[in-house]
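Subject: Structure handover

Hello,

Please find the structure below. My notes on its contacts and surface follow.

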Amino acid sequence: QAMTQDQWIDLGLYASYVLVGIAIAAALIMNFANALKDPKTLIKGAAGIVLLAVVFFIGYSMAPAEFGKSTADAFESAGIDPTDDSASSTYKWVGGAMTTTLILIVIGIVGLIYSSVSRLVR
């Protein structure tokens with residue numbers, strides 16, 4: 001019996017999950033193996049993780065905890081109870097992630113402009 005389109009999509013999704021998991025595991029294992037050769041790189045990695053956590057905490061703190069009528073209507077149309085605590089918690093986490101993404105994009109653009117201008121000045 002031939003597979004349906006939904007079954008092919010499911011198979012592709014599961015295969016991509018497995019491949020992403022393998023890639024993450026390989027990246028972690030290789031970084032850890034390299035870090036054992038030079039432990040100073042662990043400090044740089046930890047500093048980067050701490051910096052990302054600080055940026056996320058800033059984004060999470062800036063995210064709104066309450067949402068308006070249009071968002072509540074969107075939740076209801078998706079079958080989610082907007083009065084549930086998990087809805088507002090999820091809303092705050094997503095808002096924090098989006099704010100963090102925006103902050104990191106701005107940092108990246110500023111860094112790009114800075115490096116371009118510093119190359120011109122040299």
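The side chains of Asp73 and Lys69 meet in a salt bridge, with 3.2 Å from N to O. The term stands for a side-chain nitrogen of Lys or Arg within 4 Å of a carboxyl oxygen of Asp or Glu. A search of the whole structure finds one such bridge. Side chains of opposite charge can pair when their charged atoms come close.

Before the rest, the conventions. This is a predicted model, in which local features need pLDDT of at least 70 and side-chain atom pairs count only at pLDDT 80 or more, while totals for chains, interfaces and linings use all residues. Residues are numbered from 1 along each chain as its sequence is written, and side-chain values use heavy atoms, with hydrogens and water left out.

Helices (H or I, at least four residues) are DSSP runs, numbered from the N terminus. Lys69 is exposed, at 65% relative accessible area, whereas Asp73 is partly exposed, at 34%. The cut-offs are under 20% relative accessible area for buried and over 50% for exposed, with partly exposed in between (1.4 Å probe, protein chains only).

Aromatic pairs

Rings of Phe, Tyr and Trp (its six-membered ring) pair if their centres lie within 6.5 Å; planes under 30 degrees apart count as stacked, over 60 as edge-to-face and the rest as tilted. By this rule the count comes to seven aromatic pairs. One of them joins Phe67 and Phe75, edge-to-face, at 5.0 Å centre to centre and 85° between the planes. Phe75 counts as buried because its relative accessibility is 17%. Phe75 also pairs with Tyr91, again edge-to-face, at 6.4 Å centre to centre and 85° between the planes. This second pair links distant parts of the chain, with Phe75 in helix 3 and Tyr91 in helix 4, 16 residues apart. Tyr91 is partly exposed, at 25% relative accessibility. Elsewhere in the list, ring pairs link Phe56, Tyr60 and Trp93 into a cluster.

Surface patches

Patches are made of residues with over 30% relative accessible area and no salt bridge; like charges are joined within 9 Å, and nonpolar side chains (Val, Leu, Ile, Met, Phe, Trp, Tyr) within 5 Å. Areas come from the Shrake-Rupley method with a 1.4 Å probe, and for residues only the protein chains shown count as cover.

Glu76, Asp81, Asp84 and Asp85 form a negative surface patch. Asp and Glu count as negative, Lys and Arg as positive, and His and the chain ends are not counted; a charge is placed at NZ of Lys, CZ of Arg, CG of Asp or CD of Glu. Asp85 lies in helix 4 (residues 85-121) and is exposed, at 62%.

A nonpolar surface patch is formed by Ile105, Ile109, Ile113, Val117 and Val121, with about 480 Å² of accessible area together. Val117 belongs to helix 4 and is partly exposed, at 45%.

Two distances

Glu66 lies in the loop between helix 2 (40-62) and helix 3 and is exposed, at 70%. From Glu66 to Val121 the separation is 55 residues in sequence and 47 Å in space, C-alpha to C-alpha. Ile43, in helix 2, is exposed at 61%. Ile43 and Phe57 are 14 residues apart in sequence and 21 Å apart in space, C-alpha to C-alpha.

Regards

Methods: Helices (H or I, at least four residues) and strands (E, at least two) are DSSP runs, numbered from the N terminus.
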